[in-house]
Number of protein chains: 2
Amino acid sequence: MAWIQRLSLSRIYPSSWTGCFHGSVCRGLSVTSANAAVQKLVPNEYDGPSVKTPIPGPRSQELIAKLDSITKNSGTVQYFVDFKASLGNYLVDVDGNRLLDLFMQISSIPIGYNHPAVIDVLKSSDNLHAMVNRPALGVFPGETFPDMLDQAFMQCAPKGLTKVQPMMCGACSNENAIKQAFLTYRRKKRGGPATQEEMDSCVTGKEPGCPLYTVLSFNGSFHGRTLGCLSMTNSKPIFRLDFPSLGWPVAPFPRLNYPLEDFVSENKAEESRCLQEVIRSIEENKVRGRDVAAVIVEPIQGEGGDNLASADFFRQLQAICKEHGVALVLDEVQTGCGTSGHFWAHEAWGLPEPPDFVTFSKKMLSGGYYFKDEFAVDAPSRIFNTWMGDPPKLLMLGAIIKVIQEMDLVGQARESGQYMMDGIKDLQARYPQHLSRARGMGTHIAVDGKDAESAAKIASLVREKGVIMGLSGKQSIRFRPALVFQPHHADICLERFDDVLASL
Amino acid sequence: MAWIQRLSLSRIYPSSWTGCFHGSVCRGLSVTSANAAVQKLVPNEYDGPSVKTPIPGPRSQELIAKLDSITKNSGTVQYFVDFKASLGNYLVDVDGNRLLDLFMQISSIPIGYNHPAVIDVLKSSDNLHAMVNRPALGVFPGETFPDMLDQAFMQCAPKGLTKVQPMMCGACSNENAIKQAFLTYRRKKRGGPATQEEMDSCVTGKEPGCPLYTVLSFNGSFHGRTLGCLSMTNSKPIFRLDFPSLGWPVAPFPRLNYPLEDFVSENKAEESRCLQEVIRSIEENKVRGRDVAAVIVEPIQGEGGDNLASADFFRQLQAICKEHGVALVLDEVQTGCGTSGHFWAHEAWGLPEPPDFVTFSKKMLSGGYYFKDEFAVDAPSRIFNTWMGDPPKLLMLGAIIKVIQEMDLVGQARESGQYMMDGIKDLQARYPQHLSRARGMGTHIAVDGKDAESAAKIASLVREKGVIMGLSGKQSIRFRPALVFQPHHADICLERFDDVLASL
């Protein structure tokens, strides 16, 4: 089978990344004549996977036992990584297995392992003192902090959003974005200062100081695992079973039929049904005194099974929020930072105005959220914690954003994603008994197995052949490669995937 | 006034930290003859504060405006820091003001600014690849991760606790510790696998899958600002106003009278009253189907005003929890890592068995919690998030723990704390119209001003003289120095404090 090599020549790697920047990663490297012709974005990257042991191998198993003796929580660990030997799109495990990684630490390595631009940041003595002294950024930040924010977050800010609040991870980004939405909602509703009764009652969590306001989320959503975020997470029992809940409302998220072109009117009706439920829920909860202060939604539901909706759905959702005075919070923790073929997935929708909040984490290395001016806090210390972010991550991200822009890696994700999607659709056409519902944006791609067991088995067999794919939802196989993923990597994945499907 | 110099000679700084390890910090250094005799734990540390401009100075003001244009949330920023020039106990701001720092980034710099042991970790090429590639530690950790956990967390584990779960910050440590307590409580109560009804109902946050279980916290507590943590935080309106609450129960925390020796029976009665309320709340909530699964408490209430209780109070609290099958979660985010004169404050209480959970963050550089084996999860992915910690922080902490142990900095905190407390009590005796209720453990010390305004004014005036103190609760001045704080630093603080009190 031949997947045609396509590569934009504008994305030649900067000359600064040449030769062997770290001895160990070059060991045993051999360039085949076929691959020598490919313009690699990652110089000296390995030519392909190499699997030497069952996975996890003996060394990984030893380390899993060691870890379990400390945390008693090692059940999710797949294997241990040799981060020194990993490079670009390739993860090398501690047993010497070299795996083409299309999952990338749960979608959170932006430009591949051991990128020299990131190494330079860590090696620079200019940055040392920003890394060694962890500041309380909300009180005593370092001199370069505003510049860090500018280079890390403002250079890639969604169009029309000029304010950002740094945080630490995806969960605390969502927690604080909705807190800011609650503040704004109540400020508008109250129209003046808080009453003494509100001030007194809130200290121990009582009304009226602590209102019964809610956030509306969608079936299939995942927004994090702290108790506030869990109250907006509606995908799998494992996330919420046995944990108390704020009891917030949930609306249905569209379940689209594929291929989209064959189900235009059905899908439109499905989206309309969901939007009607959003309106109904907002209105009903207001009557009950449980005002919906914010609607939170992922552009593509990541953990919940790679569920997408149309641009029109999101435009209408924004209009509904606006009409009802409800904040629209877009959770781009998994879709952000270029993977969708746009820097932010929502940029594909042509929204008439920016969303009210855009939250991020993962590929952005630490967390935060953009917001519209009208949602800014109106008093100090309403949104606050000890650290409010982490300078070393901002420094690293600043360098990464520069690489993404200089090399147009967002365009690369669009191209590589299209190439990969063509290949997945081809497989789906040839193995309809095993695959269905190929879907995605950019490299943020998924395809369904026939059931949960089958999807897991396929991913496991493909891994035995040296390629890491992820799972999501009930029965989806998901791809979350780095932005340096190229068509020749897709070829390797598709060939292995094909072999496995043929063997079933 | 003379505060006698006391210094254990066993704490001489290692010879590796000699001379000027970083050019810039030595600029303008002049050693006075008086101080030359003091055995400094921080070689080449500045001799004293030097204030050149109003604080915040012009450069800080410029940067505050710049920051505000990005975050619209700069109201809590006091000034910007020159982290290159800061050293040991001294913070240097961007206007060249050199301040003796007894607040240390909200109590989160363990062994002073720019400690060479921490710098070495960041400079080491061995650590580079653990820092450049941020792993999903719950799935694909690096080879050295178990060793990092051992060196960072297990070398200083509270007696009897041999399991630890790494996290990111104090809030997510508390969120996940109580989640683990909920899991254990329900596992014991249920006695078997979850029902289908529980599995189905929990996905959207409904009973019986999401139980109405609660966590009991105390008046005056602070446990973080995510919505779950806020539901256990009962100190100031600013933390909770306008945010929804889980409506969990709150018990009174003892309000002790000082000096303790004059109020023995009154304080005993006060503690007994609070413990009775704990019992009443646990029993009453159980009847209402809102079982208390955990009690969470700080050894010293940090943000709530430095409220302490006796060792006997905590021993009785543990007995009550045990009797009722409720987990005891000690939040040592602010009291941990040596500041109390014990590595963990609860080690002073002589508990008959270890607490069920001990959470930490701040001086520990990232978050986590220790727990007893019986509270371990019994299935994978119940306690999980993408990052589950941050390797660079573990590497740094490993080096810090080594320094703390080798130099007995916990013993130093006990000695310096006693010296400081004697000085504060002396000031209190001489200025009873301004100061009262001097209290604390180790260097974790506070004293009350006569009201909120007076306390803030004193802290501000002392800062003008070059010493940073913190505030807590309604009207307390709090001290949270690093573990390299010595009596000669206390002298400087006490002299400036004295001058300010005399001037009022």
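Predicted model: local features only at pLDDT ≥ 70, side-chain atom pairs only at ≥ 80, totals over all residues.
Residues are numbered from 1 along each chain as its sequence is written, chains are lettered from A and ligands numbered from 1 in the order in which they are written, and side-chain values use heavy atoms, with hydrogens and water left out.

The contact between the chains (heavy atoms within 4.5 Å) takes 121 residues from chain A and 120 residues from chain B. The side of chain A that touches chain B has 64 nonpolar, 32 polar and 25 charged residues; here Ala, Val, Leu, Ile, Met, Phe, Trp, Tyr, Cys and Pro count as nonpolar, Asp, Glu, Lys and Arg as charged, and the others, Gly among them, as polar. About 11000 Å² is buried between chain A and chain B, with carbon and sulfur atoms giving 64% of it, where buried area is the accessible area (1.4 Å probe) that two parts lose on being put together, summed over both. A:Phe140, A:Arg225 and A:Asp242 supply 7% of the area that chain A buries against chain B, more than any other three residues.

Within chain A, domain 1 covers 9-114 + 413-503 and domain 2 covers 135-389, with bounds that come from an automatic or database domain assignment. The centres of the two domains, taken over C-alpha atoms, are separated by 31 Å, and the contact takes 25 residues from domain 1 of chain A and 24 residues from domain 2 of chain A. These domains bury about 2000 Å² between them, 52% of it on carbon and sulfur atoms, and A:Arg437, A:Met441 and A:His444 supply 33% of the area that domain 1 of chain A buries against domain 2 of chain A. Across this domain interface the rule finds 2 salt bridges; A:Arg478 forms a salt bridge with A:Glu303, with the closest N and O atoms 3.0 Å apart.

Key
Salt bridge = Lys/Arg side-chain N within 4 Å of Asp/Glu carboxyl O.
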